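Welcome! Here is a friendly tour of a protein structure, one part at a time.

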Amino acid sequence: MGTLSTDYGPAAWAPAYSGNYTASSRESAYPINYVIIHVAQGSYAGTVNWFQNSAAGVSAHYTFRSSDGAVTQSVRDKDIAWHAGNWTYNTQSIGIEHEGYVNQASWFTDAMYRASAALTRHLCDKYGIPKDRSHIIGHNQVPGATHTDPGPNWNWTTYMQYVTGSGGGGGGGWTATVDNTTSGRFTASANWGVSTYSAQRQGVDYRYANPVAASDVAWYRFNVPATASYRVDVWYPADPGYNDSTPYVVATPSGNQTVIVNQRTGGGQWRSLGSFTLAAGDANKVGVSRWASGTGYVIADAVRLTRL
């Protein structure tokens, strides 16, 4: 399915030309204090391609597609994209482009709002950015800005409701957690062992298995209340000997989507795989596959769904 972002699970990775951004080591070099919202004045593919063009002299970290909320990352979070027209703000922000045109409201779809807001929520949680309009701002709010985007057709009320989880079209905030010990909600073959080795586990134990060239998925079953957008969070204990490319499988109405996770780091906490459309009903929704390209045990511990 192409190269994936290592910063944000749902994003494709299409790196910008090296002369269109500044390599850095944020957050040690600079704090990340803002998310800046842009409208591309162009197409999704055209925007991503422009960032790869040596003549551009500009870049953004992420770009969203209007039709379905697909996202591509072009600059790593740690590096400084050239998007704000203000060096101080560039050093302290993540820039998000959105396919479309400022004066054409039809580009601003609910799918794009929800997907972009899920990324912004993830960034705020990851970097400690307050989820308010003083820190999630439009390009037009940057001091000295000559741009007007995202413009009057951008619905900030809806967007911020999706970011904060308030409102959101009714039903936002439903959440459910399934652990590997949740009765009737977790299934795995006998190839998956049981371990209490790591104190970072969720619950009393967790499951582990060697990687093989076969899926042999450990599945988590949820009774999803409505077909809608859900944030998928996973919990696993991390260890230097575990797998650095564990495939998590999310069952969506348009087919399974795979997100690769490095289980050697970032354990003992909820980690977001991103937002996905899930169908209503009681069924296997998220799984951990053994078909990993890396070495070391793949781990299946707990999964949490939250309706956006």
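## A buried aspartate

The side chain of Asp149 comes to 3.0 Å from the backbone nitrogen of Val39, a polar contact, meaning a pair of N or O atoms within 3.5 Å in which, within protein, one must be able to donate a hydrogen and the other to accept it, while residues adjacent in sequence count only if both atoms are side-chain atoms. Asp149 also has a polar contact of 3.2 Å with the side chain of His139. You will find Asp149 in the loop between strand 8 (136-138) and helix 4 (156-164). Helices (H or I, at least four residues) and strands (E, at least two) are DSSP runs, numbered from the N terminus.

Before going on, please note that this is a predicted model, in which local features need pLDDT of at least 70 and side-chain atom pairs count only at pLDDT 80 or more, while totals for chains, interfaces and linings use all residues. Residues are numbered from 1 along each chain as its sequence is written, and side-chain values use heavy atoms, with hydrogens and water left out.

## The chain as a whole

The protein chain has 4 helices and 20 strands. Its radius of gyration is 20 Å, close to the 19 Å that the globule rule gives for 308 residues, so the chain is as compact as a globular protein of that length. This radius is taken over C-alpha atoms, and the rule is 2.2 Å times the number of residues to the power 0.38.

Of the 308 residues, 51% are buried. Among contacts (heavy atoms within 4.5 Å) with a separation of 6 or more, 76% are between residues 24 or more positions apart.

## Helix 4

Several residues of helix 4 are buried, including Trp156, Tyr159 and Val163. The buried residues of this helix pack against strand 3 (34-37), helix 3 (110-127) and strand 8. At the start of helix 4, a side-chain oxygen of Asn155 comes within 3.2 Å of the backbone nitrogen of Thr157. After the helix comes Gly165, with a positive phi near 85°.

An open sheet with mixed pairing is formed by 6 strands in the order 1-5-4-7-3-8. Strand 1 (12-13) and strand 8 are at its edges, each with a single partner strand, so one side of each has no neighbour in the sheet. Two strands pair if DSSP finds at least two bridges between them. Strand 1 pairs with strand 5 (residues 71-73) in the parallel sense over 2 bridges, and Trp13 has Gln73 as its bridge partner.

Now turn to strand 13 (residues 218-224), which is largely enclosed by the rest of the structure because 5 of its 7 residues are buried. Strand 13 runs antiparallel to strand 18 (residues 281-288), with 7 bridges joining them, and Phe222 stands opposite Ala283.

How values were computed: Buried < 20%, exposed > 50% of the residue type's maximum accessible area, 1.4 Å probe, protein only.
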